[in-house]
Amino acid sequence: MGAASMAILLVEDDEFVCDVAVATLAKHGLGVTCVPSGEAAVSLIGSGETFDLLITDIQLPGRYDGYATAVEFRKLWPNMPVIYITASHRQQSPVVGSVYLRKPIKPALLMSIVGAFLPVKVK
């Protein structure tokens with residue numbers, strides 16, 4: 001499976017962080033959908049879209065924080081890798097196969113972690 005067929009869901013309410021991450025991932029040929037809340041992410045489950053990787057901020061507005069969003073996705077895709085991004089020090093992980101990245105995230109580090117989960121050539 002090539003990088004072009006990889007689909008990433010990014011859940012991030014900070015527009016700047018979303019734009020930088022999308023640009024970084026797209027530069028490597030990855031398809032990225034960015035939504036601003038856990039509710040928006042969870043609603044995609046019912047739409048029939050599928051994803052290979054979930055990247056989610058932990059602190060999100062609304063009913064689903066990053067942890068709850070990951071739990072909902074894992075109900076459908078139990079082996080989906082999850083990358084949590086956070087500006088806080090608090091780290092807990094209700095799902096296995098997850099990694100934490102502290103904000104601000106360096107693009108090279110993001111690609112290195114994504115490359116560990118997906119078959120992507122990291123430059």
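This is a predicted model: local features need pLDDT of at least 70, side-chain atom pairs count only at pLDDT 80 or more; totals for chains, interfaces and linings use all residues.
Residues are numbered from 1 along each chain as its sequence is written, and local features need pLDDT of at least 70, side-chain atom pairs count only at pLDDT 80 or more, while totals for chains, interfaces and linings use all residues. Side-chain values use heavy atoms, with hydrogens and water left out.

**The sheet**

Let's start with the strands (DSSP runs of E, at least two residues, numbered from the N terminus, as are helices, runs of H or I with at least four). Five of them form an open sheet in the order S2-S1-S3-S4-S5, with parallel pairing; two strands pair if DSSP finds at least two bridges between them. At the edges, S2 and S5 each pair on one side only. From one strand to the next the twist averages 20°, with angles run from 0 to 180 degrees between N-to-C directions of axes fitted to C-alpha atoms, for helices over the stretch in contact. S3 and S4 run parallel and are joined by 4 bridges, and Thr56 stands opposite Tyr84 in S4.

Helix H4 lies across S1, S3, S4 and S5, at about 175° to S5 (contact means heavy atoms within 4.5 Å).

| Element | Residues |
|---|---|
| strand S2 | 31–35 |
| strand S5 | 98–102 |
| helix H1 | 15–27 |
| helix H4 | 107–117 |

The model has 3 salt bridges, each a side-chain nitrogen of Lys or Arg within 4 Å of a carboxyl oxygen of Asp or Glu. One of them joins Glu12 and Lys103 at 3.2 Å, N to O. Glu12 lies in the loop between S1 and H1 and Lys103 in the loop between S5 and H4, so the pair ties together parts 91 residues apart in sequence. The peptide bond from Lys103 to Pro104 is cis, with omega near -5°, and Pro104 sits in the loop between S5 and H4.

**The largest pocket**

Pro104 turns up again here: with Val17, Val20, Ala21 and Ile105, Pro104 lies nearest the centre of the largest pocket, among 14 lining residues. A pocket is an open set of points on a 1 Å grid over the protein atoms alone where a 1.4 Å probe fits, with protein on both sides within 12 Å along at least five of seven lines; lining residues have an atom within 4 Å of a point. The space comes to about 160 Å³, filled by probe spheres set on points joined across faces, edges and corners. H1 gives the largest share of the lining, 5 residues. By type, the lining has 11 nonpolar, 1 polar and 2 charged residues (nonpolar: Ala, Val, Leu, Ile, Met, Phe, Trp, Tyr, Cys and Pro; charged: Asp, Glu, Lys and Arg; polar: the others, Gly among them).
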